[in-house]
Amino acid sequence: MENLYKLDGKVPILKAIPFGLQHILAMFIAGIATLIQLYPIWKIGSRLPIVMGVSFTFVAILTYVSATYDSWVQF
């Protein structure tokens, strides 16, 4: 486990496979959500070319919390 936290640490293959599958699943779901936006199902969808993806809106909140509570994480 120590190797994971090093700058050039390598993730063991048995741990890397689930992470890779999670990434593929997230991209697949985002693709389905994009298609639902383009071609609505019942009243769900905007009929606009909106590309859905993973959100990074949590980064601002975590940066604020980190700065407020004097965390060891520095940005």
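Visitor: Why does Gln 37 count as buried?

Guide: In this predicted model, Gln 37 has a relative accessibility of 18%. Buried means under 20%, so Gln 37 counts as buried.

Visitor: Where is Gln 37 found, and what does Gln 37 touch?

Guide: Gln 37 is found in helix H1. Leaving out residues up to four places away in sequence, Gln 37 touches Gly 45, Ser 46, Arg 47, Leu 48, Ile 50 and Met 52. The C-alpha atoms of Gln 37 and Arg 47 are 5.6 Å apart in space, while the two residues are 10 apart in sequence.

Visitor: What makes the pair Gln 37 and Ser 46 a polar contact?

Guide: The side chains of Gln 37 and Ser 46 are joined at 2.9 Å. A polar contact requires N or O atoms within 3.5 Å, one able to donate a hydrogen and the other to accept it, so the pair is called a polar contact.

Visitor: Which residues of H1 are buried?

Guide: They are Ala 30, Thr 34 and Gln 37.

Visitor: How do you know that Thr 34 belongs with them?

Guide: Thr 34 lies in helix H1 and has 15% relative accessibility. The limit for buried is under 20%, and therefore Thr 34 counts as buried. A polar atom of the Thr 34 side chain lies 2.9 Å from the backbone oxygen of Ala 30.

Visitor: Why is Leu 35 called partly exposed?

Guide: Leu 35, also found in helix H1, has a relative accessible area of 48%. Buried ends under 20% and exposed begins over 50%, with partly exposed in between, so Leu 35 is partly exposed. Leu 35 and Pro 49 are 14 residues apart along the chain, and 8.8 Å separates their C-alpha atoms.

Visitor: Is Leu 21 buried or exposed, and how do you know?

Guide: Leu 21, in helix H1, has 53% relative accessibility. Exposed means over 50%, so Leu 21 counts as exposed.

Visitor: Which residues form a nonpolar patch with Leu 21 on the surface?

Guide: The patch consists of Ile 13, Leu 14, Ile 17, Leu 21, Ile 24 and Met 27. Together they have about 670 Å² of accessible area.

Visitor: How does the reach of H1 compare with the expected span?

Guide: Helix H1 covers residues 13-38, which is 26 residues. From first C-alpha to last, H1 reaches 37 Å, close to the 38 Å expected at 1.5 Å a residue.

Visitor: What is the phi of Trp 42, and why is it remarked on?

Guide: Trp 42 has a positive phi of about 60° although it is not a glycine.

Visitor: Where is Trp 42, and why does Trp 42 count as exposed?

Guide: Trp 42 is in the loop between H1 and helix H2 (58-68). Its relative accessibility is 74%. Exposed means over 50%, so Trp 42 counts as exposed.

Visitor: What can be said of the protein chain as a whole?

Guide: The protein chain has two helices and zero strands. Of its 75 residues, 5% are buried. The chain exposes about 7,200 Å², with 71% of that supplied by carbon and sulfur atoms.

Methods
Residues numbered from 1 in each chain as written. Predicted model: local features only at pLDDT ≥ 70, side-chain atom pairs only at ≥ 80, totals over all residues. Heavy atoms only, no water. Helix = DSSP H or I, 4+ residues; strand = E, 2+ residues; numbered from the N terminus. Expected span 1.5 Å × (residues − 1). Buried < 20%, exposed > 50% of the residue type's maximum accessible area, 1.4 Å probe, protein only. Contact = heavy atoms within 4.5 Å. Areas by Shrake-Rupley, 256 points an atom, 1.4 Å probe, with all protein chains shown as cover. Patch = residues over 30% accessible without salt bridge, like charges linked within 9 Å, V, L, I, M, F, W, Y side chains within 5 Å. Salt bridge = Lys/Arg side-chain N within 4 Å of Asp/Glu carboxyl O.
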